[in-house]
Protein chains: 2
Amino acid sequence: MNTDCPLPIATDEAIRLGHGSGGELTQQLLREFVFPHIDNPWLRQGHDSAVLAIGNSKIVFTTDSFVVTPLFFPGGDIGELAVYGTVNDLAMSGAKPLYLSCSLILEEGLNMETLKRVMDSMGRAAKSTGVQLVTGDTKVVERGKGDGLYINTAGIGVIEHPVQVSPQIIGEGDAILLSGDLGRHGIAIMATREGLEFEMPLASDCAPLHTAVQDLLRHGLEVHCLRDLTRGGLATALAELAESSGKDLLIQEAQIPVCESVEGACELLGLDPLYVANEGRFIAIVPPEQAELALAALQASPVSTGSTIIGRVGGRSARPTVILETALGCERILDRLAGEQLPRIC
Amino acid sequence: MNTDCPLPIATDEAIRLGHGSGGELTQQLLREFVFPHIDNPWLRQGHDSAVLAIGNSKIVFTTDSFVVTPLFFPGGDIGELAVYGTVNDLAMSGAKPLYLSCSLILEEGLNMETLKRVMDSMGRAAKSTGVQLVTGDTKVVERGKGDGLYINTAGIGVIEHPVQVSPQIIGEGDAILLSGDLGRHGIAIMATREGLEFEMPLASDCAPLHTAVQDLLRHGLEVHCLRDLTRGGLATALAELAESSGKDLLIQEAQIPVCESVEGACELLGLDPLYVANEGRFIAIVPPEQAELALAALQASPVSTGSTIIGRVGGRSARPTVILETALGCERILDRLAGEQLPRIC
């Protein structure tokens, strides 16, 4: 993507909220201010995690800081998000999540009851996903230098199968599967902030995705690529995969499920559900002849019962593009999220 | 230690700066609000890192968030600290540091020039220590919800030798070695904040310690325990080791080097150098017959030329205590840092 070359960021510019969007502005910040100083084959792959060979094992290493506001929202809280988010990043490399770290930045004045609720939630999330929180750190910053509580988790997982999961092996004709309806997490957060109410109560889709991935692999499927649809939503994830794979991606809007509440809220707030963050949805890209089997496997997994096949991989292209065939039969190009849509969504 | 049982923290209390001191208040917070929700053998060991068996390898996993203020100080900056701090936590388990993650929480309004300087510093620190920064994350919080820049690093190292490094194997009679003079980091930070000036310029001791540790191990020494002397300083580290080992530790004040500038500043500020944070100092505990060889090995390593033998391990005790024989020949008991001495030192 990146068809328009943005102006370079000047060193006397200031960080804006959009630099944390996970979209084009974040990428530009990394390109211009991080990668020139830190360069290695792992970072160059542009994944959410790094695959490392240690001894006879292939381990996966990833990290995320969580700054979501509010700390508690319908369907989840920052503690659960901090466990599931890192578990999901590991799962998207095809790894079995094993160990997490937990580092807290607490703001002076935070209520102990809040901390207790969050830690309880982290403990339960770790237990339910079978990961161990094995190491941690606690810092406190002065009142007004934080926002209650930030959590960083890093995670280690292990790859126990021979399947290579990577955008580089996405092939022409591959099927693109989506694991469920879009936008619940972002809209649940936004609705809480804005005091919106729905006829049908709306909860975040925040959930661990590792068992759904393990189900795919257990069926012996050649999973070419997996990607969770967090900041920047489905559109940004697809745009990144088009770029990494060097291929066009052809998507049918009619196959993308969006529930009524999300659709209504998006209209009201002027948001596009394709760009809204999810915390329990992912796409899987598999060879065309395995599409139906993969769909059945996903639909049998509780976290991805709403899976659909949303499109296919097109040919190699000098300007790899995500082309959305709209419900009305028109074509629309999906770029990465450009600015900031919903700050501090995770 | 913990001879006095503190009152439990009430759930309607608020987080105070002292809860981030790394001393007794931090321990109490963890005991009452974290460990009841997250419990496993690794956390129960109370180390700065976890040793994990993966495949045929023994790997070490650790994490730290860095919230030091100011971001730049004499002798270092937050970027360098974020690399060396995690490298040192890995080294203190006897591991060879290999891979780091880097997660940034940026405050809206942060100057790009500052980010560039910090990333440059991280890149150079990683290069100089031979670790790779392989995965990362970037979040942005609104103006007034951060303090410029917080960095989390998590790290993975590998244990390549058969020596078990753990407080549990500290033996009666073992020698306690200190790798250099105390208090430079804390005082350099404090002096910058308070605008103090010294006759002799004072810089933080911020430095990577892994080569000094590798030198000890290369000499075939049976290193029983290693501990870096960060938040809470030497006294807190010793108090923790007394508790973990169940043994008294007998320390001679006359053998503990403190430079004139640090001594002067401590008098002026009412601080005790034994409790001031260091970022490039550690203690090593070795069998008595290996003390001189260990001392020579440390003194030959550039980062620990100022090493001394500061004491020895006493007998098993129901109330394991750190006893300091002062320069005047009196005895003083060293407890963990109780409250907060220097907030946001790392």
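In the predicted model, the side chain of B:Thr321 reaches the backbone oxygen of B:Arg319 at 2.6 Å. B:Thr321 is found in the loop that joins strand E12 (308-316) to strand E13 (322-325) of chain B. With a relative accessible area of 15%, B:Thr321 is buried, since the cut-off for this class is under 20%.

Salt bridges were examined next. Over all chains the count comes to 34. Within chain B, B:Arg336 and B:Glu24 meet through their side chains at 3.1 Å, N to O. B:Arg336 lies in the segment after strand E14 (331-334) of chain B and B:Glu24 in helix H1 (residues 24-34) of chain B, so this pair ties together parts 312 residues apart in sequence. A second bridge in chain B links B:Arg281 to B:Asp181, with the closest N and O atoms 2.7 Å apart. Here the pair ties together parts that are 100 residues apart in sequence, because B:Arg281 lies in the loop between helix H8 (260-269) and strand E11 (282-286) of chain B, and B:Asp181 in the loop between strand E8 (175-178) and helix H5 (184-194) of chain B. B:Arg281 is buried at 11% relative accessibility, and B:Asp181 is buried at 12%. In chain A, salt bridges with shared partners join A:Glu24, A:Arg31, A:Arg227, A:Glu240, A:Glu243 and A:Arg336 into one network.

A:Lys139 takes part in bridges both within chain A and across to chain B. Its partner in chain A is A:Asp137, the closest N and O atoms being 2.8 Å apart; in chain B, the side chain of B:Asp64 meets that of A:Lys139 at 3.8 Å, N to O. A:Lys139 is buried, with a relative accessible area of 3%, and A:Asp137 is buried at 6%.

Between chain A and chain B there are eight salt bridges and 29 residue pairs in polar contact. Elements of chain A that each supply at least two residues of the side touching chain B include helix H1 (24-34), helix H4 (112-129) and strand E6 (132-141). The largest share of that side, 10 residues, comes from E6(A). Its residues divide into 38 nonpolar, 26 polar and 17 charged. The contact takes 81 residues from chain A and 81 residues from chain B. The two chains bury about 6900 Å² between them, 67% of it on carbon and sulfur atoms. A:Ile15, A:Phe61 and A:Met112 supply 11% of the area that chain A buries against chain B, more than any other three residues.

Notes:
Residues numbered from 1 in each chain as written. Chains lettered and ligands numbered in written order. Predicted model: local features only at pLDDT ≥ 70, side-chain atom pairs only at ≥ 80, totals over all residues. Heavy atoms only, no water. Contact = heavy atoms within 4.5 Å. Buried area = accessible area lost by both parts, 1.4 Å probe. Salt bridge = Lys/Arg side-chain N within 4 Å of Asp/Glu carboxyl O. Polar contact = N/O pair within 3.5 Å; in protein donor to acceptor, adjacent residues only side chain to side chain. Helix = DSSP H or I, 4+ residues; strand = E, 2+ residues; numbered from the N terminus. Nonpolar A, V, L, I, M, F, W, Y, C, P; charged D, E, K, R; others polar. Buried < 20%, exposed > 50% of the residue type's maximum accessible area, 1.4 Å probe, protein only.
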